[in-house]
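Reader: I have a two-part request. Could you show me how to read helices and contacts, and then take me through the case at hand?

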Amino acid sequence: MSHTVLVCDDAIFMRTMITDILAQAGFEVVGEAETGTQAVEKYRQLKPDLVTMDIVMPDMGGIDAVREIVKQDPDAKILMCSAMGQQALVVEAIQAGAKDFVVKPFQPSRVLEAVQRVLG
Amino acid sequence: MDLSQYAELFLAESREHLSACNQLLLEWERNPAATEPVGGLFRAVHTIKGMAATMGYGRVADLAHRMENLLDQLRRGGKAPTDAVIQLLFRATDALEKSVTLAVAGREREADLTAILADIDRLGTKETPAPPPAPGPAPGPASPDRRRRKIARTNSATG
């Protein structure tokens with residue numbers, strides 16, 4: 001059975017690209033979220049095997065969303081998607097409970113390697 | 001990975017964010033004491049930066065990155081922007097829009113960003129370090145004649 005994924009990013013462009021990369025590798029993207037609040041709600045509904053999480057989003061940012069999701073499910077597997085120059089935020093996200101990160105611009109191989117690391 | 005399949009999506013979404021930038025700048029110009037516009041501007045420019053870098057549009061990403069840095073300084077400084085800052089951000093948004101269009105058309109090299117990047121850097125230097133917030137009353141009301149400013153902005157495009 002393929003792993004299920006929730007893709008969280010405020011840009012439809014990024015969500016589409018991440019979904020394509022994961023779908024081509026056999027993952028099943030079961031939901032998308034464009035704000036941190038949506039990410040928390042959809043995680044509760046869908047219980048995906050993996051979450052990809054943008055950092056800068058309107059409403060609730062990705063780091064706060066990680067905190068909320070980990071509060072619900074301490075075993076949540078969350079992969080942060082950061083832009084270059086956001087090292088401090090990535091560290092904060094890992095401290096909040098994210099398992100790993102990839103840096104934009106994405107290379108499909110890097111994304112898939114990180115996903116495999118997170119899923120262990 | 002064939003990135004060309006995402007070019008239309010990049011263009012459409014970038015235009016949405018650029019339109020939001022112009023709206024937010026008008027809002028900020030009307031009410032310089034407001035704190036929401038700078039956060040929205042930062043997020044919009046940050047999103048364009050990430051998308052452009054992913055598409056391999058280096059000039060677009062570079063301009064967006066410099067704008068993002070300036071907006072981050074302004075956001076952290078927490079003080080009302082001067083008219084010069086607002087006008088520079090309007091010009092930078094125009095330049096970003098042009099470079100996005102050129103990039104998608106495969107003509108990114110034609111985007112001449114030297115002047116706007118130099119202006120952003122010059123202003124960024126002035127804005128750092130941000131002085132502590134003034135203890136006095138809030139800045140005076142914005143000029144009532146915004147139309148005049150917009151015209152002035154258009155006329156000064158060559159200067």
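Author: Gladly! Helices (H or I, at least four residues) and strands (E, at least two) are DSSP runs, numbered from the N terminus. Here, H3(B) is followed by Gly78(B), whose phi is positive, near 70°. This is a predicted model, in which local features need pLDDT of at least 70 and side-chain atom pairs count only at pLDDT 80 or more, while totals for chains, interfaces and linings use all residues. Residues are numbered from 1 along each chain as its sequence is written, and chains are lettered from A and ligands numbered from 1 in the order in which they are written.

Reader: How many residues does helix H3 of chain B have, and what is its reach?

Author: An expected span is 1.5 Å times one less than the number of residues. Helix H3 of chain B (residues 58-77) has 20 residues and reaches 28 Å from first C-alpha to last, close to the 28 Å expected.

Reader: Which residues of chain B meet chain A, by class?

Author: Two residues are in contact if their C-beta atoms, placed from the backbone, lie within 7 Å. The contact takes 13 residues from chain B and 14 residues from chain A. On the chain B side, H2(B) gives the largest share, eight residues. That side has six nonpolar, four polar and three charged residues (nonpolar: Ala, Val, Leu, Ile, Met, Phe, Trp, Tyr, Cys and Pro; charged: Asp, Glu, Lys and Arg; polar: the others, Gly among them).

Reader: Leaving aside neighbours within four places in sequence, what is Met53(A) in contact with?

Author: Its partners beyond that range include Cys8(A), Ala39(A), Leu79(A) and Ala98(A).
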